Amino acid sequence: MPLHPDTTALLVIDLQPDFMPGGALPCHEGDAVVPGIADLLASGAYRTVVATQDWHPPGHASFASSHAGRRPFETIELHGHPQVLWPDHCVQGTPGAALDARVDWSLADLILRKGTRPQVDSYSAFRENVGPDGRRPPTGLAGWLRERGIEDVHLCGLARDYCVLWSAQDAIEAGLRASVLWELTRPVTPEGDAPTRAALGAAGASVEQVSPP
């Protein structure tokens, strides 16, 4: 597998058991991306690797169980913006919140936990969702990458239509170039694929194939 320039980083988004088949919030074929991502890290093709980890406290505002009478996948207004209500997932310290054990995470330079504030969801690796003050606070990742001389990010992981998409959009907003490694991502549902491609194109992100070994 060809080596990427030192100015390119790999972002592995939320590769956690709760997003796999049988998990609390399974993505469509979510486990299918694990071998390819494990191989990509092991190849040493990227000098800089970042992994994100959804890490919610119990009773998080994005959980349907936190809202009386609401069911998973309903949408409410939270802090003035639409919020999908999810099944309880990636609760701090639970097995489903761990990073997938089939990947050697010692090869990651940074593991970034997100979604830790009880009242604010966090899809993107770069910024949280809108909070009570109407802002989307940064996670600090953009500055960390800039300090390391990163100009391009390649994204893989879960879920293609939420956390991968939002991370790519925010990478562009932060002044980085962003490419989604499409076959190393999976959506919550395949119906999200066409809108995701359109949104990536509108943001200026590209969709790429992984080079063969």
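Helices (H or I, at least four residues) and strands (E, at least two) are DSSP runs, numbered from the N terminus. By that definition, Asp161 is found in helix H3. Before I continue, please note that this is a predicted model, in which local features need pLDDT of at least 70, side-chain atom pairs count only at pLDDT 80 or more, and totals for chains, interfaces and linings use all residues. Residues are numbered from 1 along each chain as its sequence is written, and side-chain values use heavy atoms, with hydrogens and water left out.

Let me begin with the sheet. Strands of a sheet pair through backbone hydrogen bonds, either parallel or antiparallel. Here two strands count as paired if DSSP finds at least two bridges between them. In this model 6 strands form an open sheet with parallel pairing, in the order S5-S2-S1-S6-S7-S8. Strand S5 (110-114) and strand S8 (206-208) are at the edges with a single partner strand each, so one side of each has no neighbour in the sheet. From one strand to the next, the twist averages 25°.

Strand S2 (residues 48-54) runs parallel to S5 and is joined to it by 5 bridges. Within this pair, Thr52 stands opposite Leu112 in S5.

I turn next to the interior. Buried means under 20% relative accessible area, exposed over 50%, and partly exposed in between (1.4 Å probe, protein chains only). A nonpolar core is a set of buried Ala, Val, Leu, Ile, Met, Phe, Trp, Tyr and Cys residues joined through side-chain atoms within 4.5 Å. The largest such core has 57 residues, and Leu15 and Phe126 are among those with the most contacts inside it. Strand S1 (8-13), helix H1 (34-42) and strand S6 (152-158) are among the elements that each supply at least two residues of this core.

Which residues does Leu15 touch, not counting residues up to four places away in sequence? Contact means heavy atoms within 4.5 Å, and the partners of Leu15 include Met20, Ile37, Thr52 and Trp105.

Finally, I return to Asp161. Is Asp161 buried or exposed? Asp161 counts as buried because its relative accessibility is 12%. Leaving aside neighbours within four places in sequence, Asp161 is in contact with Pro187, Val188, Thr189, Gly192 and Thr196. One of these, Val188, is 27 residues from Asp161 in sequence and 6.8 Å from Asp161 in space, C-alpha to C-alpha.

Key
Axes are lines fitted to C-alpha atoms, for helices over the stretch in contact, and angles run from 0 to 180 degrees between N-to-C directions.
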